[in-house]
Each structure stands twice: as structure tokens, then as C-alpha cells.
Amino acid sequence: MNGKRVGAMLLSGLLIVSMLGGCASGQITEDMIPAVTDLRADETAAEASAIGLAMNKSYVAELTRLDGDNTQVAVVDEKEVPVVLKATSVDKDLKVKIVNERNGKVITGTAFEVSVTDSAKKTSSYTDSDKDGIIYIKSMTPGKCTISMKASGSYAAPADITTEVKANIDYKVVDITDEIKSESEINVAKEDSNTNGNADAGTAQVLTDTVEYVESSKTEVKEEVKTQKKDAWGQLVYSKLQKDDFGNDMYAKIISEPSAYHKDGNGDNKCDRCGADLTPAHTHVYDQQVVTKEATCTEPGTYEMRCAADNAVGSTGEIPALGHVDTNPADGICDRCKTQLSQPSTPDGEGGENSGSSGDGADTGTGETGGNTGDGTTTGGTENQGSAPAEQNLEGTSSADVLTVGMRVLKAASSEVIVYDTTSAPVYDTSSEPVYDITYEVTGYKYTGWQTIDGATYYFDKDGNKVTGSQVIQGIQYNFSDEGVRSGTIGIDVSKYQRNINWQKVKNAGINFVIIRCGYRGYGSGVLVQDPMFASHITGAKAAGLRVGIYFFSQAISEAEAVEEASMAVKLANQYGINMPIAIDSEYAAGGAGRADGLSKSERTKITIAFCNTVANAGYKPMVYASKNWFSEHLSVSQFPSSYRIWVAHYAATCGYTGRYDIWQNTSKGSVDGVSGNVDMNISSI
């Protein structure tokens, strides 16, 4: 076991030596880590593997696992990183890039050697002495050339490539994707100067506000709208109803009323107001006797005296009982009802003791009921005999008949007051107060702060009044027409030095556009770097509805480098989309210590033209940014085509640049809601 542990320690030591030898640059890259393929327990094999690792400087890891009495060494097979060659040419030059095929990035940390055979069949060797993965060759012979590279360490020899060395610059976008770095990959302090604003543009003035700054707001102005109500019948509603002669509320439909109020305008015998029957009264003649109950021998009957015209009942009376009739005394039975009246008579004709007849056979009626005379005729009682009684008698009349009579009486009677159907339409007193529905109608808006209305920009003070004339707001001077319309289009330019921007607040503050730094070329090494805030800025600004342009801080020292810078800007513009120009920022870097700070006026002009022409050929509008003095002293503006936009920085109350310009950066100490700290302000005519 101890022998194996010693072997493992030796292996670890060899591994450390291998790492130090293979990483002389101080960087350990992903492509230097090999793949683990198997585990061997055999000590001899482990020792051989360790020796192999020590000899191969590209390996940076070896797994040693101690497990009890067994030591297993992870043996890592040699695996070469796939490499591809890429090349570009702008103007009699050649840039060769050694690229990791897996991640598309240039490989750093190794001094690669390439051979180039030019169009004249002359072969030359070049070494990447600064180990940045790029070999730049000037003064190449135009035409086709072949490039090859030897294997180096774990990097396999890539396939040869053939490319064209251009005889003249054509200002076309080149592929620089694999060259763009993030700030995490560089020493920022040696590549990007920490500046905000243009030091050559003068001293930014801080003006005293003439109008108090207020937040942008939009408040509805409402006006009370009174509309007279309408009821369910479509009538305008008033607070009171009309009163009738009896002091009662009036309604359209009348149920009943005193007869004095009846009206029959069409002669149909019906009241036009309440529908009462106005037919003239009828005089009854009760001359028709109608028997309602027949009289019997022992029970009286009844009768009614009726009017023949309408069958109305005038009076009732009683019909006396008829009494028994026995024409055959021998049988003692009533001829009419067959009632046994007495015992049959004896043969000699003498009646029995209970005979109900007189000796002469006549039945005499007594009392009020009448009876039979001796000759068989019926005699009436002393009352109700013969004709109908003179007075009405309702005894025996049915309840339905009584109700009918009562209804007739009620209908014929006059009401003491007018009775209305209160579910019908009310009758309003139009002299009373109308009843209104109250609503509120938006008649306009009260604005404060910056507002864009129908494409024009205004500033409203705290009382909602448009400001006019020349005014200073948040330290910036603006000009407004008599109608309050701000002249010019106001924008800002930002970079990584402005963070956590609230773009909606910026929009609401009256800002129309923003120009964002997309990247820069390092003033030390010349590396291409994307601004770390670019993606966030352009995404937020576009989402807020601002117009967007971009600029690139140039440190190009040749036209070829200017084409590369333009190519990077175009690539990012294509990725995110813009609707304003792409500008080249031409100024000193790092206080004059930048790699491009020593360029002549002629060289800088050519570089600027190369950048702008490349942008124009990619379909975008090019623009040149510089200070007022820089345009005069470091650039020959007369050589710029009129299609180039000019963006001049001059920090003053009025722009002192006498040449044509499209955007004026008038201060670096602007204050805009949504941006912390100072920000560059710009007035544009674009």
C-alpha cells in the first residue's frame, strides 16, 4: 500500500510540473483539459501514464483516487483540440485567426506558427508572438494565397485554407464575430478610458432653471353633464305630479270618478276618461209573473215579477198551498197528491169518525191558505191571491243575483273622488323642477411636465400651462414656439457609465431619441470590446418607444481596422435593430495615451471615411461624432460626402460650430428623469 501511495504522490508531482510547463502564460484554458477514458489499477500502467502526462504540456488534470489499499489512477487519453483557420483581407493585408472549432473563439496562450504561400508562390512563416490567436500581415501581394499551420501541443494541424488578398479596400463588412471580447476577458483599465462627455467640447455650463421641473402627468378634466331623466313611458321627469281637484296625484289612467267629470266625446255611451257606462237609465215595468216554485197540496209556491224588457226582477211573492182534493170520498185519497185522507166510507155513505169533509161533501178552506169549496173550486187565501204584490221582496233571491244587482248599483253610483291606476303613466307638473341624471364627461386633460401630443413636444408647468419662448429646464435650455411646441428633437447618448436607466421615465421626460455606445476598440491593445450595458440599454430604449442609434468609440490606426470597427457596429445593429445613424466617435483616449491619438489629420480622415463607407454599404446611415475643435483640427470635413451625418459636441448656450451639422451635443451635465447622475444631451434635426 505504501508503495502505491508513493507512486501516487510522484504522479501528482509530475502533474504539477506538467501544468506549470504548459501554462507559462498564466492562463489555463478550457481546450487544455483532456477527456477521461478509463481507470487502471495496474501500477506499471499508472507510472507510464504519469510520464506521458509530464511530457504533454496541454494536460492540466490527472485524477488520483486513494481507496483503502488500492490506488486507482485516472488515465486521460490525449485528445487534440480541433482547430480551424480563418482569414480576412481589407487592403493588401491578411489577418489569420486560429479558432477553436468547438466554441468559435480565437485560441490564446499559444505561439502558433503559420505558413503563407502568396500568389507568387512565395512561402513565408509567421508566428503569433503575442499569443492572442491572431496573426496580422501587412503588405501582402494581392491575389489568392494558401495558409497552413503546424500542430502545436494538443492542437491538431488544421486543414489548409485559401483566401483572396484584396488589392484595394472595398469597404465591405468583414466577419469579426470571433474577435469581439467582453470586458471580463480584458484588462479594462488598459483598454477603455473612463470618460463621460467630450473633454475637447468645452466646459459644460450648468444653467439656472427658469421653469420649475415637474413630473410628467396626464389628468382627465371632467365636466358635469345634466340630462333630464325620462321615465318608463318616455316622458321627461319632473319633481312633482299634477294634482286633481281633490288634491290627489294624477295618473294617465282613471279607474272611476264623479259623474260630473265624465266625458263622452265620441257618443259611444262610454266615458272617455274612466270608461264608465253612460247609457241612459231604463224604467222597469214588472208585469211578467214567473213561477219560481210550484205550490203543492200542503206547501206554498213562489213567484217573481219581472220586467219584460231586460228580465229584471222587481218583486217576489208566495203562491198558497193548493189543498187536498178528493172527488171520490169512498176511497179517502187525494186526487192530486194521492195522500190517504180518511178511512173508506161505509156502504150507506156515512163517513167515519175522522172524516175530513162536511156533511154535504164540501171541503171548506179556513185561515189564510184557502181550500176547496164544496163544488171543487180552489179558494185563495186572504193575501197574495191573484195579482203580484206591489213591493219588491228579495226573500228567496240567489246570492249571484244579489251581487249582480249590487254591481249595477255601484256602477251607476258616482265616485266621491277620482280614483287612478297608479301603475299607469304619471302626469307631471312641468312647472316643477326637472329631475336630472348627472354624468361627467371628459372634456380635456391637464398636463404637467414633458408631453408629446400629435407628434409635437411640449412642456407644461405645475399649473398645466404650456411654456413658451426660451426656457431652462433641469439645466438645459430649450426653445418653444408661441403655441408651446418645442423646436428640435431632444436626445441623450449613453454607455456603460449610465446604469439602471428607467427608460419609460426617460421617454416621459420628453426625450425623443438615444444614441448608445455599442462598443470600443481598446486604446491599449486594439482589442474589439462590446459595451457591457449595450444590450440592456438598446432593449429598454426600444421597448419605451425611443428612436435609437449607436456609436463606436474608435481607436483604429488603419483603414482596415476602421472597416473592422464598422463591421462590429453593423453586426450589433443587425442583431437589435436601429432607426438612427451609426456613428464613429473620433476623439482622444486616455488623455492622449491612446494607440490612435498620434494619427495625422489625413490618416484620421481616411479612417473615418473607411468606417462610414462600410456602414453605408451595409445599408445604414453613417455619422461622425467629434467636438467643434476636433472637426476643425483633426478631420478634413470637406472630404466627407453630404450623406454623412455630423454630430458635433460644443458645450455652450449656442453651437459655435460653423459647418453643417445634424445633431448638437450641447452639454455633458444634463439631468433627465430616469437617469442617475449627469448625461450628455443632444438636439437633433434628423
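**Strand pairing**

Modeller: Strand S5 (residues 94-100) pairs with S8 in the antiparallel sense, over four bridges. This is a predicted model, in which local features need pLDDT of at least 70 and side-chain atom pairs count only at pLDDT 80 or more, while totals for chains, interfaces and linings use all residues. Residues are numbered from 1 along each chain as its sequence is written, and side-chain values use heavy atoms, with hydrogens and water left out.

Biologist: What makes S5 and S8 a pair?

Modeller: Two strands pair if DSSP finds at least two bridges between them, and S5 and S8 have four. Strands (E, at least two residues) and helices (H or I, at least four) are DSSP runs, numbered from the N terminus. Lys95 stands opposite Tyr136 in S8.

Biologist: Why are strands S4 and S8 said to stand at the edges?

Modeller: The open sheet has three strands in the order S4-S5-S8, with antiparallel pairing. Strand S4 (83-88) and strand S8 (134-137) each have a single partner strand, so one side of each lacks a neighbour in the sheet. The twist from one strand to the next averages 15 degrees, given that axes are lines fitted to C-alpha atoms, for helices over the stretch in contact, and that angles run from 0 to 180 degrees between N-to-C directions.

Biologist: What makes S24 a mostly covered strand?

Modeller: Nine of its nine residues are buried. Buried means under 20% relative accessible area, exposed over 50%, and partly exposed in between (1.4 Å probe, protein chains only).

Biologist: How do you know which strands S24 pairs with?

Modeller: The bridges show it. S24 runs parallel to S23, with four bridges, and parallel to S26, with seven; three bridges join S24 to the antiparallel S25. Ile515 of S24 is the bridge partner of Asp493, and Ile515 also has Gly549 in S26 as a bridge partner. S24 and S25 form a hairpin with six residues between them, and Gly526 in the turn has a positive phi of about 85 degrees.

**Helix H5 and its surroundings**

Biologist: Why are the buried residues of H5 said to line one face of the helix?

Modeller: In helix H5 (residues 534-543) the buried residues are Phe534, His537, Ile538 and Ala541. Viewed along the axis of H5, they fall within an arc of 90 degrees, so they line one face; the arc is that of the directions from the helix axis to the C-beta atoms. An α-helix has 3.6 residues a turn, so residues three or four places apart point the same way.

Biologist: What do the buried residues of H5 pack against?

Modeller: Their partners include strand S23 (489-494), strand S24 (513-521) and helix H6 (559-576). Contact means heavy atoms within 4.5 Å.

Biologist: Is Ile578 buried or exposed?

Modeller: Ile578 has 17% relative accessibility and therefore counts as buried. Ile578 lies in the loop between H6 and strand S27 (582-585). Not counting residues up to four places away in sequence, Ile578 touches Ile538, Val548, Ile550, Ala573 and Tyr620. Ile578 and Val548 are 30 residues apart in sequence, yet 5.4 Å apart from C-alpha to C-alpha.

**Single residues**

Biologist: Why is Ser627 called buried?

Modeller: The relative accessible area of Ser627 is 1%, so Ser627 is buried. Ser627 lies in strand S28 (residues 622-627), and a polar atom of the Ser627 side chain is 3.0 Å from the backbone nitrogen of Trp630.

Biologist: What makes Lys121 exposed and Asn311 partly exposed?

Modeller: Lys121 has a relative accessible area of 71%, and Asn311 one of 44%. Neither is glycine, yet phi is positive in Lys121, about 70 degrees, and in Asn311, near 65 degrees. Lys121 sits in the loop between strand S6 (113-117) and strand S7 (123-127); Asn311 is in the loop between strand S14 (301-307) and strand S15 (313-319).

**Confidence**

Biologist: Where is the pLDDT below 50?

Modeller: The protein averages a pLDDT of 81, and 77% of the residues score at least 70; pLDDT is the predictor's confidence in each residue, from 0 to 100. It is below 50 over residues 14-78, and under 50 over residues 402-414. Where pLDDT is low, the predicted coordinates should not be read in detail.

Key
A polar contact is a pair of N or O atoms within 3.5 Å; within protein, one must be able to donate a hydrogen and the other to accept it, and residues adjacent in sequence count only if both atoms are side-chain atoms.
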